Amino acid sequence: MVSMLYLLTFTNTHPYNFLPWWLHNKVVLLATSSPGWKLAFLVPILYQVLVFVSTPLWRRELYLFYPLAVVYLAASWLIEPRYFFIPLLLFIMFRKPGRQWVEVGLVAWNAVLGLVLFWGVWHGLWLP
């Protein structure tokens with residue numbers, strides 16, 4: 001179902017998503033450049049859906065977060081990473097913690113990724 005929804009409905013129509021000097025726009029342009037690339041981008045989407053549905057949350061009623069997050073993101077015509085922060089932070093807050101070494105690894109991964117992103121912004125690689 002997710003596959004068909006993505007393959008049939010994902011298009012790049014917002015004029016600001018065609019500006020090639022932002023990294024996330026380059027990714028969107030690549031994803032919509034051919035059916036092959038569109039299909040290739042389906043793999044990480046399906047993987048992320050599997051991660052979401054297999055990650056236990058604190059309480060059963062918190063699973064309502066998933067359809068609400070989809071509605072929230074589907075209403076955004078412009079593809080901007082800042083719109084994903086709220087659902088991502090809610091997911092991080094609602095999930096049950098895993099093993100301690102997994103949690104430490106996640107903190108380390110996020111610290112390294114944050115430093116790389118900061119370095120890229122500082123040196124003008126991600127933004128014009």
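**Figure 1. A nonpolar surface patch includes Phe-85.** Phe-85, Leu-88, Leu-89 and Ile-92 make a nonpolar surface patch of about 390 Å². Patch residues have over 30% relative accessible area and no salt bridge; like charges are joined within 9 Å, and nonpolar side chains (Val, Leu, Ile, Met, Phe, Trp, Tyr) within 5 Å. Accessible areas come from the Shrake-Rupley method with a 1.4 Å probe, and for residues only the protein chains shown count as cover. Phe-85 belongs to helix α5, residues 85-94. Helices (H or I, at least four residues) and strands (E, at least two) are DSSP runs, numbered from the N terminus. Phe-85 counts as partly exposed because its relative accessibility is 49%. The cut-offs are under 20% relative accessible area for buried, over 50% for exposed, and in between for partly exposed (1.4 Å probe, protein chains only).

The model is predicted: local features need pLDDT of at least 70, side-chain atom pairs count only at pLDDT 80 or more, and totals for chains, interfaces and linings use all residues. Residues are numbered from 1 along each chain as its sequence is written, and side-chain values use heavy atoms, with hydrogens and water left out.

**Figure 2. The whole chain is helical in its elements.** The chain has six helices and zero strands. From the N terminus on, the order is α-α-α-α-α-α. The C-alpha trace spans about 40 × 40 × 25 Å along its principal axes. Of the 128 residues, 18% are buried. The chain exposes about 9,900 Å², and carbon and sulfur atoms supply 77% of that area. Take the contacts (heavy atoms within 4.5 Å) between residues at least 6 apart in sequence: 54% of them join residues at least 24 apart.

Figure 3. pLDDT is the predictor's confidence in each residue, from 0 to 100. The chain mean is 86, and 98% of residues reach 70 or more. Confidence is lowest in helix α1 (residues 2-9), with a mean of 76. Helix α6 (residues 100-122) has the highest, at 92. Where pLDDT is low, predicted coordinates should not be read in detail.

**Figure 4. Seven residues form the largest nonpolar core.** The members are Leu-57, Leu-62, Phe-65, Tyr-66, Ala-69, Phe-91 and Phe-94. Helices α4 (65-74) and α5 are the elements that give two or more residues to this core. α4 gives the most, with three residues. A nonpolar core is a set of buried Ala, Val, Leu, Ile, Met, Phe, Trp, Tyr and Cys residues joined through side-chain atoms within 4.5 Å. In soluble globular proteins, nonpolar side chains tend to be buried together.

Figure 5. Phe-94 lies in helix α5. Phe-94 is buried because its relative accessible area is 18%. Trp-122 is 28 residues from Phe-94 along the chain, and their C-alpha atoms are separated by 32 Å.

**Figure 6. Two salt bridges are found in the whole structure.** A salt bridge is a side-chain nitrogen of Lys or Arg within 4 Å of a carboxyl oxygen of Asp or Glu. One joins the side chains of Arg-59 and Glu-61, at 2.6 Å, N to O. Both partners are partly exposed: Arg-59 has a relative accessible area of 48%, and Glu-61 has 47%. Another joins the side chains of Arg-95 and Glu-103, at 2.8 Å, N to O. Arg-95 counts as buried, at 17% relative accessibility.

**Figure 7. Lys-38 is a buried lysine.** Lys-38 sits in helix α3, residues 35-54. Its relative accessibility is 15%, so Lys-38 counts as buried. Not counting residues up to four places away in sequence, Lys-38 touches Tyr-6, Leu-7, Phe-10 and Ala-31.

Figure 8. Leaving aside neighbours within four places in sequence, Leu-29 is in contact with Asn-12, Asn-17, Phe-18 and Pro-20. Thr-11 is 18 residues from Leu-29 in sequence and 9.7 Å away in space, C-alpha to C-alpha.
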